[in-house]
Amino acid sequence: MSPAVSRVLRLNPIACDAHGVCAGLLPELVTLDPWGYPVIAPGPVPAELEEHARRAVASCPTLALRLERQAKG
Amino acid sequence: MTAVRSNGTAEQLPPGQLPRLVAPGAPLGLEAHLRRYGALPPWPAGPAGQAQLIASVERAGLTGRGGAAFPTARKMRAVAGTAARAGRGRRRGGAVLIANGAESEPASGKDAILLRQSPHLVLDGIALAAGAVGAADAYLCVDGADPGLAGRLLAAVAEREQAGLPGVAVRVVVVPEGYVTSEESALVNFLNGGPAVPLYVPPRPFERGVGGQATLVNNVETLAHIALIARYGPGWFAAVGTPAAPGSALVTVGGAVGRPGVYEIGLGLPASELIELAGGPSAPLRAILAGGYFGGWVPLPEAAAVPVSPPGLRSAGASFGAGVLIALPAACCGLAETARVLRYLAGQSARQCGPCTFGLPAIADALAHLAWRGRDERAADWLRSLLPLVDKRGACHFPDGAVALVASALRVFAGDLERHLSQGPCPDASRPAVLPVPRPPGGRR
C-alpha cells in the first residue's frame, strides 16, 4: 500500500524566519519550539498528509520548507 | 637554485619516530625541509597518478585532523569524481583546494605551530592533494592571530616557485575571527565573496564550492600527513597509532599540566600517558575536556586509560576534535567551567538559524544559573529540555557540538549538579577559569 516514493519535509534553517505558517497548516507533523521555529516530525510524510504538507511548503513566506523525494527503503 | 636537489635520496624518517610533522628547533626553510624529508615525490600526473595517491592515502587510513575525522581518501575521491564528471557535462569542470589553517578553536594551537615550524610540509601536501583531485587553484586559509604568519607563508610559496618545485598557485587568505568562520562551507562562502558564515548544505563543498567548482577542504595537518604518505608510503604512516586509528596526530594539551603545549602522539596513546608527556598533572585532576569546545568531558581517574584517538574518545562520550585535551584540576567546578564556555559559544553563533541564535543563549543562561545560583530544580529540567531543541537543528554542526559539551558536563559532573541543586554553588565555582575563553573587545554582540 505504500507509495513507490516516500517524501520527507526538509527545512532550511537559515531561510526560516519563524513565521509559523507550516505549524498552522500541518500541526500533525510540525510543532513550534519555544522561539517559534518549526520542529518537524522525523520520517516520511504519511500519504494522507501529503496534500497538507504540499500546502505548508507552498505557503512558507521564506520558501524555507521543501518536500523532497526519499528513495524507498 | 642549486641548493635544492630534486633527486630524492635523502633518508626517510624512521617509521616509529616522533615527532614527524614538527621538527624541534627553528622553523624549516625550504632547504632544511628537503634535507629532513627528502625531495617532493612525483607529481600525481594523469588519472593513474591521481588514483594512486588517493589509494595510498586510503591504505594509510588517514582521517581529517580538523575535527570531523572523516576518511580523507573518500573526500578526495568525491572531489576528483565531481570535478571529472562536471568537466564532461554542462557544469564547470576542475576543482579547488582549500587548506584550512584557520584554527578558531580557542584551546587549540596545533595548526599555528605546524604552519610556523613546517610551512613547506603543508605546502607539499597542498601541491600533492591538489594534483590528486585535479585542482588548479589552492587557498591556504589562516586566522589573524599571528599577524606575521600570512607574510611568511607567502614568502615560502615564492621560495618554492623560484626553486621550480611543481605545484599549484597558492593564495594565502586571512579569514575573519570567529568560531564558525573556519567551518568548511563558511570558508567557501567567504572565498566566493560572501560573509564567513556557514551555508545551508547540500550542495556540500565537494559538490559545488569555490566558484561553483568541486572543492576539497582539508585541515593543514591532514595535508602535511599526505605529504609524508606520498613520500614514505601507507605502511610507514601506520607504523604508529592503532589499527582503528593509524598514524600520528598533533594534540594541544592545556589546563593543569606541567608543560602545556602542542605534542605529536601516535593515535591511541592512553590519556594518562599524554598527560605525563605534557609534564604530568600540576594538581590533582578530576576530568579532561577532550575535543575542545566541540568535544566532551571525560572523568578522571576512571578514564585515565582512554585511548586518545577519534574512536577511543568517541566511545568515552567525548571526541578527538582537533586534538585538544585540557586537564581540569580537582579544585574546580565543572559546571562553572562549562557555563563560561557556553556563554562564549553562544556569542559565536553566526545567528543565521533560530535554534542556535536563541537556543544557545538560553542554554548558557540556564547553565550559568545552575553554576552560580543553584537550588533550582526547574532550571535543571529546563536545561535538559533545551538540549534536544537545539541539537542538529542548525545548518552546520556548531550547535550540536555545544549541546554535546553540555550533555557530557551533566553526565560527568552529575554530583556537582546535585550539590548545586541542594546546597547552592560550590566554593570552587568562584575560582578563576581554567578553560581559556576569549573575550572579544566590545563583548557580546
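Helices here are DSSP runs of H or I with at least four residues, and strands are runs of E with at least two. By that count, chain A has two helices and four strands. Welcome to this structure, which is a predicted model.

**Chain A**

Follow chain A along its sequence and the elements come in the pattern β-α-β-β-α-β. Its C-alpha trace spans about 35 × 20 × 20 Å along the principal axes. How does the radius of gyration of chain A agree with that of a compact globule? With 73 residues, such a globule would come near 11 Å, and chain A has 12 Å, which agrees. Of those 73 residues, 23% count as buried.

**Chain B**

Turning to chain B, you will find 16 helices and eleven strands. The C-alpha trace of chain B extends over about 70 × 50 × 40 Å along its principal axes. A compact globule of 445 residues would have a radius of gyration near 22 Å; the value for chain B is 22 Å, so the two agree. In chain B, 56% of the 445 residues count as buried.

**Contacts along the sequence**

| Chain | Share of contacts from residues 24 or more positions apart |
|---|---|
| Chain A | 61% of contacts with a separation of 6 or more |
| Chain B | 73% of contacts with a separation of 6 or more |

As you explore the model, you might start with the β-α-β-β-α-β order of chain A, then move on to the 16 helices and eleven strands of chain B.

How values were computed
Residues are numbered from 1 along each chain as its sequence is written. Chains are lettered from A and ligands numbered from 1 in the order in which they are written. This is a predicted model: local features need pLDDT of at least 70, side-chain atom pairs count only at pLDDT 80 or more; totals for chains, interfaces and linings use all residues. The radius of gyration is taken over C-alpha atoms; the globule rule is 2.2 Å times the number of residues to the power 0.38. A residue is buried if 20 or more other C-beta atoms lie within 10 Å of its own, exposed if 12 or fewer, and partly exposed in between; C-beta atoms are placed from the backbone. Two residues are in contact if their C-beta atoms, placed from the backbone, lie within 7 Å.
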